[in-house]
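Please have the viewer open as you read.

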Amino acid sequence: MHVLSVSSLKGGVGKTTVTLGLASAAFARGVRTLVVDLDPQSDVSTGMDIQVAGRLNIADVLANPKEKVVRQAITSSGWAKVHPGTIDVLIGSPSAINFDGPHPSVRDVWKLEEALAAVEADYDLVLIDCAPSLNALTRTAWAASDRVMVVTEPGLFSVAAADRALRAIEEIRRGLSPRLQPLGIVVNRVRPQSIEHQFRIKELRDMFGPLVLSPQLPERTSLQQAQGAAKPLHIWPGDSAQELAADFDQLLDRIIRTGRIAVADNGTQN
């Protein structure tokens with residue numbers, strides 16, 4: 001099971017929509033996927049059409065990461081009605097904010113790792129939608145992860161935030177979790193005609209080289225529309241949606257190669 005955190009240390013760059021795009025690509029490919037909604041805003045849970053009534057959630061898991069609790073906090077996404085496959089959500093909750101203090105204990109930092117170990121046989125890929133800060137929730141996610149994808153946009157402050165994120169990943173790797181590595185930086189909401197955007201992308205490449213992933217994701221309303229309708233991007237109609245879906249397929253290819261995730265040639269899981 002390969003665990004990828006989708007992170008940004010700056011709000012409003014589309015981190016959750018990137019998580020949903022990757023989840024859609026993984027589901028379309030037949031990769032058994034669990035999405036962990038660790039952001040207290042819980043938008044991933046909404047965008048993946050889940051029923052929360054009668055279920056536990058991420059706050060319950062962080063309070064008690066035993067297998068029984070973990071399994072009661074996981075539910076199948078409504079996306080599973082679209083076509084067969086495993087696409088589940090560890091349900092988000094605003095109460096997760098209670099676990100987001102600035103100085104987590106070592107015990108607290110490893111709680112998500114412990115929780116995910118209980119379901120390791122069930123999934124090939126775990127995507128964690130992180131909180132947009134470097135407090136306890138993000139550290140907990142990174143401690144449970146193999147890789148971190150940093151989401152940014154082509155703007156002045158976002159470049160600085162990406163630099164902060166990469167430094168923080170290195171700090172966690174050295175001090176806490178030696179297996180942790182950055183997957184790279186995804187540049188989101190790009191307007192190709194914008195000279196400012198092209199300048200910022202060049203700046204990112206100059207600073208971070210091959211860590212800047214291709215393709216960059218163009219600004220499109222189709223992803224927000226699919227998210228609002230709680231549908232996977234890959235079934236959303238229109239050329240714009242399909243072009244964006246192809247971009248997410250390429251990013252998923254990178255994740256599959258890095259994580260050595262076994263996927264059959266026909267798009268279904270081995």
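Here, buried means under 20% relative accessible area, exposed over 50% and partly exposed in between, with a 1.4 Å probe and protein chains only. This is a predicted model, in which local features need pLDDT of at least 70 and side-chain atom pairs count only at pLDDT 80 or more, while totals for chains, interfaces and linings use all residues. Residues are numbered from 1 along each chain as its sequence is written, and side-chain values use heavy atoms, with hydrogens and water left out.

Helices (H or I, at least four residues) and strands (E, at least two) are DSSP runs, numbered from the N terminus.

Which strands pair with strand 5? Two strands pair if DSSP finds at least two bridges between them. Strand 1 and strand 2 each run parallel to strand 5, as the table sets out.

| Strand | Bridges to strand 5 | A bridge pair |
|---|---|---|
| Strand 1 (residues 2–7) | 5 | L4 with L127 |
| Strand 2 (residues 33–37) | 5 | L34 with V126 |

H2 lies in strand 1 and is buried, at a relative accessible area of 6%. Counting contact as heavy atoms within 4.5 Å, and leaving out residues up to four places away in sequence, H2 touches D124, L125, V126, D146, R147, I255, G259 and I261.

**Nonpolar cores**

In soluble globular proteins, nonpolar side chains tend to be buried together. A nonpolar core is a set of buried Ala, Val, Leu, Ile, Met, Phe, Trp, Tyr and Cys residues joined through side-chain atoms within 4.5 Å. The largest one has 44 residues, of which L34, V36, L112, L116, I128 and W142 touch the most other members. Helix 8 (residues 156–175) gives the largest share of this core, 7 residues. Neighbours within four places in sequence aside, L112 is in contact with V36, L38, I58, I128, T140, A141 and A144. A second, separate core has 40 residues, including M48, M149, V151 and A245.

**The largest pocket**

Lined by 15 residues, the largest pocket has G12, K15, T16, D39 and Q41 nearest its centre. Helix 1 (residues 15–29) supplies the largest share of the lining, 3 residues.

**Backbone spots worth a look**

Most residues other than glycine have a negative phi, and most peptide bonds are trans. Against that background, S42 has a positive phi, near 60°. S42 sits in the loop between strand 2 and helix 2 (43–47) and is buried, with a relative accessible area of 10%. R260 also has a positive phi, near 50°, and belongs to the segment after helix 11 (239–259). At 75% relative accessibility, R260 counts as exposed. The peptide bond from S214 to P215 is cis, with omega near 0°, and P215 lies in the loop between helix 9 (195–208) and helix 10 (221–228).

Conventions:
On a 1 Å grid over the protein atoms alone, a cavity is a set of points where a 1.4 Å probe fits but cannot get out, and a pocket is an open set with protein on both sides within 12 Å along at least five of seven lines; lining residues have an atom within 4 Å of a point.
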